[in-house]
Amino acid sequence: MLDDQIHGLLRKEYKYAVIKVGSETTAILINRKRKVGLKKRVAGMLPVYEYEKWEEELDRWEYRPVGFRNIFSKKFIHTTIAVCVDETEKVVYWRYLRPAEKKQMPLSQVL
């Protein structure tokens with residue numbers, strides 16, 4: 001239930017597809033492809049394109065405080081999550097903080 005609420009907050013903020021990943025994730029491997037040219041055109045048929053394929057790692061995590069009201073208990077909950085935005089594919093990856101990350105942050109930021 002907590003994940004659904006965080007997911008909803010991120011969708012409002014970024015207007016992207018939102019995907020949760022495991023807390024142990026340090027980098028996300030992305031397979032991409034780009035159209036590089038026309039291979040051939042057959043009369044009366046669609047053109048065939050050539051694509052360049054490559055892999056790319058996303059590892060630019062930002063820490064975001066999020067807060068929301070629990071719909072059952074009506075308590076206001078604050079937490080900090082890690083967010084990585086892929087501008088190319090319009091996807092936001094998010095995860096809970098790892099224990100090592102929590103230790104490095106000031107206590108006032110990790111709730």
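The structure is a predicted model. Its mean pLDDT is 87, and 95% of the residues reach 70 or more. Four strands form an open sheet with mixed pairing, and helix 1 lies across strand 1, strand 4, strand 5 and strand 6.

**Confidence**

- Confidence in the protein is highest in strand 1, at a mean of 96.
- Confidence is lowest in helix 2 (residues 99–104), where the mean is 82.
- Where pLDDT is low, predicted coordinates should not be read in detail.

**Helix 1**

- Helix 1 covers residues 2–14, which is 13 residues.
- At 1.5 Å a residue the helix should span 18 Å, and this agrees with the 19 Å between its end C-alpha atoms.
- Q5, I6, L10 and Y14 are the buried residues of helix 1.

- Helix 1 runs at about 115° to strand 4.

- The order of the strands in the open sheet is 1-6-5-4.
- Strand 1 and strand 4 are the edge strands, since each of them pairs on one side only.
- Neighbouring strands of this sheet are turned against each other by 40° on average, with direction ignored.
- In a regular strand, side chains alternate between the two faces of the sheet.

**Strand 6 and its partners**

- Five of the six residues of strand 6 are buried, so this strand is largely enclosed by the rest of the structure.
- Strand 6 pairs with strand 1 in the parallel sense, over four bridges.
- In this pairing, A17 stands opposite V91 of strand 6, and V18 has V92 as its bridge partner.
- Strand 5 and strand 6 run antiparallel and are joined by six bridges.
- V83 stands opposite W94 in strand 6.
- Strand 5 and strand 6 form a hairpin, with four residues between them.

- Most residues other than glycine have a negative phi.
- K15 is not a glycine, yet its phi is positive, at about 55°.
- K15 follows helix 1 and lies in the loop between helix 1 and strand 1.
- The relative accessible area of K15 is 73%, and because exposed means over 50%, K15 counts as exposed.
- K90 is also a residue other than glycine with a positive phi, near 60°.
- K90 is in the turn of the hairpin, in the loop between strand 5 and strand 6.
- K90 has a relative accessibility of 44%, so K90 counts as partly exposed.

Key:
Residues are numbered from 1 along each chain as its sequence is written. This is a predicted model: local features need pLDDT of at least 70, side-chain atom pairs count only at pLDDT 80 or more; totals for chains, interfaces and linings use all residues. Side-chain values use heavy atoms; hydrogens and water are left out. Helices (H or I, at least four residues) and strands (E, at least two) are DSSP runs, numbered from the N terminus. The expected span of a helix is 1.5 Å times one less than its number of residues. Buried means under 20% relative accessible area, exposed over 50%, partly exposed in between (1.4 Å probe, protein chains only). Two strands pair if DSSP finds at least two bridges between them. Axes are lines fitted to C-alpha atoms, for helices over the stretch in contact, and angles run from 0 to 180 degrees between N-to-C directions. Contact means heavy atoms within 4.5 Å. pLDDT is the predictor's confidence in each residue, from 0 to 100.
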